[in-house]
Amino acid sequence: MAFIIGLPVAQIILFCWAIGHDPVGLKLAVANYELEEAGFGFQDCPVYPGCNYSLLSCRYMEYLKNRSVIIELFSTESDALQEVSRGKAWGALVFASNYSDSLVERTERGRDVDDFTIDASNLAVTMDMSNQQIGTLLYRDIQYAFFDFIENILTDCEVNPSNGRIPFQWNKPVYGDRTPNFTDFAAPGVILTIIFFLSVALTSGAMLIERNEGILERCLVSGITGIEILFSHVTTQFLVMCFQTALVMVFSFSVFNLTNRGDIVWVILLTILTGLCGMCFGFVVSCSCDNERSATYMAMGSFLPIVMLCGIIWPIEGMHPLVRIFSVFLPLTKSTESLRSILQRGWLIEDPNVYIGFASTAIWIVIFLTISILLLKFKKG
């Protein structure tokens, strides 16, 4: 019982601690030829505050450091690129010897600036994109740090900082946050997956033990029907599943403060309904398998397809069209979308994107119970 109750808590704690947080301490190798031109050593990078155009490269790197990026200076571009090639850094930045002067001239002269000045004012970036998440987030931080750097200089020089921004006005999102959080995206699917598959383990194990020890056969001989046996298991295991759900809800929204813009009542009801669906699937596993090994293989074999195809890790819009058609009919696809709509958008039960998750889960409960009853009634042994 301690394992059954503690496992969902451990899983949701590990998820909230490990998934969705921005990586920190990422290393960038920087070759700054502007330091050599100014007579400084390549390890010395002074910052001149205020409306000062000296060594703007060093000033920009301060904004990179504010984003928890580790800067390591190298004397040449080849040394910086070699650091990336050896896997010691995630990217290499190269500043030209006349970077500050060229950047100022490019800003002031506008359309009259020559190609040489444009090239010298560009910051050359070479990335290691083997890790998509780290590469994408570092790509974002390099650009955002430059936007902050430009706006700060313009403000110090009493120029409207809007002149340094790209010509887009990003308004407040209708739903969600301005900076997306992968933890909030994955949380609905992870919560439902934990409850669903722990419920599978609960019921499949109990039914197999009863059948292998002869308890199920004695109950059937004494006149108890298969439906009565199933619903007795539903009643007893449902209490355990509700306790598991309560613990997961408490740790998700009270301890780790996952985003919830909807009604917590519908969140709890959908989670309990998904757990009931998992219990019914566990009945199918236990009724169709003859031993614990086969049941384990069947449960494990169904875990990865459900996790990968239900939009938990990646949106179903990014799947192959044929796979997308198949994924719609899986037990957790619609319920995950429904829970995500409740948590992130604050939608209520009357919205089609919400109640279709409840309806889909209820249909799967009926299907699994029907299959279990038929297997109990007609399967030999």
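**Close-up views of a predicted model**

**View 1. The two domains of the chain.** The protein chain falls into domain 1 (22–163) and domain 2 (182–380), with bounds that come from an automatic or database domain assignment. Between the C-alpha centres of domain 1 and domain 2 there is a separation of 51 Å. This is a predicted model, in which local features need pLDDT of at least 70 and side-chain atom pairs count only at pLDDT 80 or more, while totals for chains, interfaces and linings use all residues. Residues are numbered from 1 along each chain as its sequence is written, and side-chain values use heavy atoms, with hydrogens and water left out.

**View 2. Two spans from the UniProt record.** The unreviewed UniProt entry places the feature "transmembrane region" at several spans, including 297–316 and 354–376; UniProt positions are given in the numbering used here, feature names are shortened, and annotations may be inferred rather than shown by experiment. Residues 297–316 are 65% helix and 0% strand, with end C-alpha atoms 26 Å apart, whereas residues 354–376 are 100% helix and 0% strand, with end C-alpha atoms 34 Å apart.

View 3. Tyr175 sits in the loop between α7 (132–156) and α8 (182–212), where helices are DSSP runs (H or I, at least four residues) numbered from the N terminus. Tyr175 counts as partly exposed because its relative accessibility is 42%, between the limits for buried (under 20%) and exposed (over 50%), using a 1.4 Å probe and protein chains only. Leaving aside residues up to four places away in sequence, Tyr175 touches Gln344, Arg345 and Trp347, contact meaning heavy atoms within 4.5 Å.

Technical notes: Helix = DSSP H or I, 4+ residues; strand = E, 2+ residues; numbered from the N terminus.
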